Amino acid sequence: MLANSSGMNFGRAFIYALLGLFALLYLTPLYVMLSTSFKDIEEIRSGNLLALPQDPTLYAWSKAWSSACTGSECEGLAPFFMNSVKIVVPAVLISTIIGALNGYVLSKWRFRGSEILFGALLFGCFIPFQVILLPMARLLATLGLANTVTGLVLVHVIYGVAFTTLFFRNFYVGIPTELVKAAQLDGASFFQIFRHIFLPVSIPIFTVTIIWQFTQIWNDFLFGVVYSGPGTQPITVALNNLVNTSMGGKEYNVDMAAAVIAALPTLLVYVLAGKYFVRGLTAGAVKG
Amino acid sequence: MGSLLIDNVTKSFGDTKILKGINIDIDDGEFLILVGPSGCGKSTLMNIIAGLEESTSGKLELGGVDVTTAPPKDRDIAMVFQSYALYPTMNVARNISFGLEMRKVPKIERDKVVLDVAKLLQIDHLLDRKPSQLSGGQRQRVAMGRALAREPRVYLFDEPLSNLDAKLRVEMRTEIKKLHKRLGTTIVYVTHDQIEAMTLADRIAVMKDGIVQQLGTPDEIYNDPANMFVAGFMGSPPMNFIEADVVEGDVMIESAGQQYKLRLPCAEAIRASGKSRIVLGIRPEMITEPKPEELSGWLHPIVMDIEVVEPMGADTMALALWNGTEINARLSPKAGKSAGKGTEIQVNTQFAVAFDPATGERIR
């Protein structure tokens with residue numbers, strides 16, 4: 001008994017040590033980024049990479065936000081941050097709403113060929129970005145949406161619907177079909193059933209889908225760089241331009257601050273909603 | 001008003017025929033029970049009545065109006081589901097009133113109905129709870145409340161009691177019967193519990209393989225079954241079936257090494273059928289200890305070697321062999337105690353029936 005419990009303790013200690021090691025491995029770059037972003041350029045040149053800033057300054061942050069050069073313009077990341085917001089918010093909302101309705105139909109209002117349609121949509125999850133670059137560019141040009149925010153929203157909605165549909169369909173499959181029957185007999189219509197019965201139970205899956213879509217679209221670089229014009233570039237593209245534009249020496253502190261700014265919204269979303277994310281992912285699994 | 005005519009309704013999925021022409025005429029206020037083994041099509045028929053599934057062919061009339069293609073909400077039918085299907089995010093009150101809300105009944109009226117229904121079902125103290133906070137029996141009541149609130153012309157019950165424990169089931173069974181007496185609304189009720197069927201129904205439709213095997217009163221179904229399936233399905237323990245030779249219309253039984261000649265009410269029909277071998281059907285309660293006080297021309301004293309007795313409280317079931325087939329007899333507990341080899345038994349053939357061994361159809 002005693003030997004057993006000490007064995008347990010040893011195992012436990014080993015697990016924690018391993019977890020701690022991995023956490024350190026993942027957190028070190030973040031630490032370096034943050035500490036570098038608060039240093040001035042002199043300290044970076046002379047000092048230790050891992051040292052804390054001796055004289056913390058917000059210079060790099062303010063420059064990255066409002067005056068760093070991204071190519072020929074020098075307005076910082078602020079306008080591109082707003083571009084990203086303008087792309088992400090509608091794209092996330094539209095793809096999530098379409099996914100919810102798709103999932104509702106594909107799980108509860110099956111029709112001839114609905115399984116094939118779902119299979120085809122699933123297939124959309126496995127199409128690499130690169131494959132659709134040219135045809136999509138052609139389509140956007142035809143629609144007159146090339147280089148526009150609307151065009152980027154459209155691309156992200158189309159690409160996201162495959163995933164959001166999959167999420168919602170699999171979630172709604174777990175909700176008893178008899179609820180739909182009961183509501184039909186109660187006189188509720190297609191949309192009334194969705195609104196009164198399905199929406200209220202969907203909070204976990206909405207959280208999952210919104211986080212997923214937000215992260216995907218905010219972090220997207222390829223679509224952003226291909227389909228955007230000079231005034232519509234998202235923040236990921238601007239970050240790339242900022243880092244690659246050098247006026248004299250490399251300003252690592254500004255680069256780091258810019259990178260953290262670009263990553264901040266996704267970080268925040270995970271910190272605030274992370275536990276709902278995990279809960280939502282497992283919600284389907286633990287039921288009945 | 002609430003009469004229901006099911007006229008030659010069929011349903012097939014591709015080549016699979018689920019319902020093969022169902023004809024049932026249900027009077028206003030009648031309590032009809034559909035029984036049958038799983039997969040017999042009773043739930044499909046229920047869904048077709050409710051409008052949740054379309055029939056492949058045939059006609060459905062509600063109160064004299066053709067509703068074959070009407071959507072569920074226009075049929076004025078309410079249904080109680082086996083799983084209750086309570087809306088999980090709504091409290092009990094809203095669950096009950098949701099149908100009225102969808103039909104745009106004003107709030108004041110809805111509240112009154114909810115209160116009336118809740119009082120009737122004794123759930124008025126639970127109105128603020130969510131379904132997940134209720135016990136199985138309470139959920140069952142809420143599900144019934146939801147159906148009652150709308151005062152429809154027809155209630156459909158799809159195995160409403162099968163998720164309850166035995167004691168609660170008996171309780172709710174009585175309540176449903178009382179409710180039907182009070183409301184007088186037409187009820188179609190699916191179950192595979194034949195005790196529920198016998199106790200509740202005005203008429204029973206026994207289904208198998210998408211066909212109504214027999215439609216009749218509980219008494220007709222029990223005592224005058226149309227075929228071996230119906231006879232075997234109703235009754236617990238089930239009717240004894242014994243293959244037996246026929247001699248001049250009488251049925252030959254071998255028990256405890258002796259041959260007995262049993263005369264059945266249908267002896268003429270057996271003789272007329274010309275069959276030399278039939279299946280004798282006789283219920284366990286017709287095979288008892290001798291009851292000399294019973295005066296009937298159908299009593300046959302025989303001797304049986306009882307192999308096993310199973311006391312059930314009110315009666316004792318006794319197992320023996322007739323023609324090498326195991327049969328059940330229903331003895332009094334007292335007779336059961338002394339039962340064994342060479343026990344004297346009385347066989348009453350007044351309700352015994354004969355079937356064609358090839359088709360299972362009744363010989364009458």
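This is a predicted model: local features need pLDDT of at least 70, side-chain atom pairs count only at pLDDT 80 or more; totals for chains, interfaces and linings use all residues.
L5(B) is a handy residue for seeing both pairings at once. Its opposite number in β4(B) is E61(B), while in β2(B) L5(B) stands opposite D25(B). If you follow β1(B) into β2(B), you pass through a hairpin with two residues between the strands, and G14(B) there takes a positive phi near 60 degrees. Strands of a sheet pair through backbone hydrogen bonds, either parallel or antiparallel.

Further along chain B, there is an open sheet of six strands, with antiparallel pairing, in the order β13-β12-β11-β14-β21-β22. Its edges are β13(B), residues 258-262, and β22(B), residues 362-363; each has a single partner strand, so one side of each is left without a neighbour in the sheet. For β22(B), follow the pairing with strand β21(B), residues 353-355, which is antiparallel and spans two bridges. Within that pairing, F355(B) stands opposite R362(B).

Most residues other than glycine have a negative phi, and most peptide bonds are trans. A85(B), which is not a glycine, has a positive phi near 50 degrees, and its place is the loop between β6(B), residues 77-80, and α2(B), residues 92-102. K104(B) is another non-glycine residue with a positive phi, about 60 degrees; this one sits in the loop between α2(B) and α3(B), the latter covering residues 107-120.

Are these residues buried or exposed? A85(B) has a relative accessibility of 5%, so it counts as buried. K104(B), with a relative accessible area of 70%, is exposed. As for the peptide bonds, the one from S236(B) to P237(B) is cis, with omega near -5 degrees. P237(B) belongs to the loop between α8(B), residues 228-233, and β11(B), residues 240-247.

Next, the cysteines. How many disulfides does a search of the whole structure find? Over all chains, the count is one. The partners are C69(A) and C74(A), whose sulfur atoms are 1.7 Å apart. The torsion about their S-S bond is about 95 degrees, so the disulfide is right-handed. The two partners fall into separate accessibility classes: C69(A) is buried at a relative accessible area of 16%, whereas C74(A), at 37%, is partly exposed. In chain B, C40(B) is buried with a relative accessible area of 1%, and C266(B) is buried as well, at 11%.

Finally, let us turn to the aromatic rings, which make 26 pairs over all chains. In one of them, F163(A) and W212(A) have ring centres 5.8 Å apart and planes at 40 degrees, so the pair is tilted. F163(A) lies in helix α7(A), residues 149-173, and W212(A) in helix α10(A), residues 203-219, so this contact ties together parts that are 49 residues apart in sequence. F163(A) counts as buried because its relative accessibility is 18%, and W212(A) counts as partly exposed because its value is 27%.

A pair in chain B, Y155(B) with F157(B), has centres 6.4 Å apart and planes at 50 degrees, so it is tilted too. Both of these residues, Y155(B) and F157(B), are buried. Back in chain A, one aromatic cluster is formed by Y104(A), W109(A), F168(A), F171(A), Y172(A), F190(A), F191(A), F194(A), F198(A) and F206(A).

The charged end of R169(A) sits over the ring of F118(A), 4.2 Å from the ring centre. In chain B, R283(B) places its charged end over the ring of Y222(B), with 3.8 Å to the centre.

Key: Residues are numbered from 1 along each chain as its sequence is written. Chains are lettered from A and ligands numbered from 1 in the order in which they are written. Side-chain values use heavy atoms; hydrogens and water are left out. Two strands pair if DSSP finds at least two bridges between them. Helices (H or I, at least four residues) and strands (E, at least two) are DSSP runs, numbered from the N terminus. Buried means under 20% relative accessible area, exposed over 50%, partly exposed in between (1.4 Å probe, protein chains only). A disulfide is a pair of cysteine sulfur atoms within 2.5 Å. Rings of Phe, Tyr and Trp (its six-membered ring) pair if their centres lie within 6.5 Å; planes under 30 degrees apart count as stacked, over 60 as edge-to-face and the rest as tilted. A charge sits over a ring if NZ of Lys or CZ of Arg is within 6 Å of the ring centre and within 35 degrees of the ring normal.
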